[in-house]
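The following note sets out several points for a colleague who is examining this structure. The points may be read beside the sequence and the coordinates.

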Amino acid sequence: MDSISLPVIHPTFVKLKLSGRGLHAFAGLFILSHALSHIHRQEGPPLYFLCQLLISLDIFVLVMAGRELLVLPRVNLFFRLVEIIFFLGIGLLMLLAGQWLIAGVHLSLSIGYSYLFYCERSLRKKELLSLHHIGVSVPGLPAGRFFLWSHINDIQPFYDSIRISTSDHEELSFDLQKNLTFSQLEQIHEFCRHYLGKC
């Protein structure tokens, strides 16, 4: 029996993907309004205004292009990294200028985008439910979980979903990204018969 990995639809990942557009739109509006508020100030360098204007336009392009652009490998992670560096740079610049509130907001956004970067990097690799000879790994944020076979009470595979009951009375349910083939379903039943004595 070989290990089997199944691509699943994880509810937390779905929420993260759906919240990405709103978070980007908020960030773009925040940066644009901040840039426009600095347009007539004498102490603000023009380069600072232009950088803010460009990054806000960049974010609006991401929001409008949405899924079409972000399905390309690593494109989303690249833009996320640019946003982290930008917010961190502006936050540190405002901190040095003594503008604590603006610095705090930018540094908070940098931390938020760093967490989003970490989660998106993880979900590209870990949106899989895997059955191994020593146990079952399930996806999760910020990190997946691993259950030894001794901690699993039951696994109920269906063609379009899979349900797992743990010894801690936890019920995990995952919809599959694509339906199981008959051979995959039979392989899961083999794992259940071998390690759980059922299925």
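1. Why does Leu88 count as partly exposed? The model is a predicted one, and in it Leu88 has a relative accessibility of 37%. Buried means under 20% and exposed means over 50%, with partly exposed in between, so Leu88 at 37% counts as partly exposed. Leu88 is placed in helix H4.

2. Leu88 also belongs to a surface feature. Together with Leu92, Leu95 and Trp100, Leu88 makes a nonpolar surface patch of about 400 Å². Helix H4, which covers residues 75-96, provides three residues, the largest share of this patch.

3. In soluble globular proteins, nonpolar side chains tend to be buried together. Here the largest nonpolar core comprises 22 residues, and those with the most contacts inside it are Leu129, Leu131, Val136, Ile155 and Ile188. At least two residues of this core come from each of strands E1 (4-9), E2 (128-131), E3 (135-138), E5 (152-157), E6 (161-166) and E7 (171-176), and from helix H6 (182-195). The most is given by H6, with four residues.

4. The core also includes a separate counterpart. A second core, of 16 residues, has among its members Ala27, Leu77, Phe86 and Phe117.

5. Which residues does Val136 contact, apart from its neighbours within four places in sequence? The contacts of Val136 are with Leu129, Ser130, Leu131, Arg145, Phe146, Phe147, Trp149, Ile152, Ile155 and Ile164. Val136 is itself one of the residues with the most contacts inside the largest core.

6. There are six aromatic pairs in the structure. One of them joins Phe26 and Phe30, which are stacked, with 6.2 Å from centre to centre and 25° between the planes. Both residues lie in helix H1 (residues 11-37), where they are four residues apart, about one turn of the helix. Phe26 counts as partly exposed because its relative accessibility is 47%. Phe30 is also partly exposed, with a relative accessible area of 22%.

7. Another aromatic pair is formed by Phe86 and Phe87. Its arrangement is edge-to-face, at 5.5 Å centre to centre and 65° between the planes. Are these two residues buried or exposed? Phe86 and Phe87 are both buried. Through ring pairs, Phe86, Phe87 and Tyr113 are linked into a cluster.

8. The structure contains two salt bridges. In one, Glu170 is joined to Arg145, and the closest N and O atoms are 2.6 Å apart. This pair links distant parts of the chain, since Glu170 is in the loop between E6 and E7 whereas Arg145 is in strand E4 (residues 145-148), 25 residues apart. Glu170 has a relative accessible area of 26% and is therefore partly exposed. Arg145, with 37%, is partly exposed as well.

9. Arg193 is partly exposed, with a relative accessible area of 40%. For Glu186 the corresponding value is 30%, and Glu186 is partly exposed.

Key: Residues numbered from 1 in each chain as written. Predicted model: local features only at pLDDT ≥ 70, side-chain atom pairs only at ≥ 80, totals over all residues. Heavy atoms only, no water. Patch = residues over 30% accessible without salt bridge, like charges linked within 9 Å, V, L, I, M, F, W, Y side chains within 5 Å. Areas by Shrake-Rupley, 256 points an atom, 1.4 Å probe, with all protein chains shown as cover. Salt bridge = Lys/Arg side-chain N within 4 Å of Asp/Glu carboxyl O. Buried < 20%, exposed > 50% of the residue type's maximum accessible area, 1.4 Å probe, protein only. Core = buried A, V, L, I, M, F, W, Y, C linked by side-chain atoms within 4.5 Å. Contact = heavy atoms within 4.5 Å. Phe/Tyr/Trp six-rings, centres within 6.5 Å; stacked < 30°, edge-to-face > 60°.
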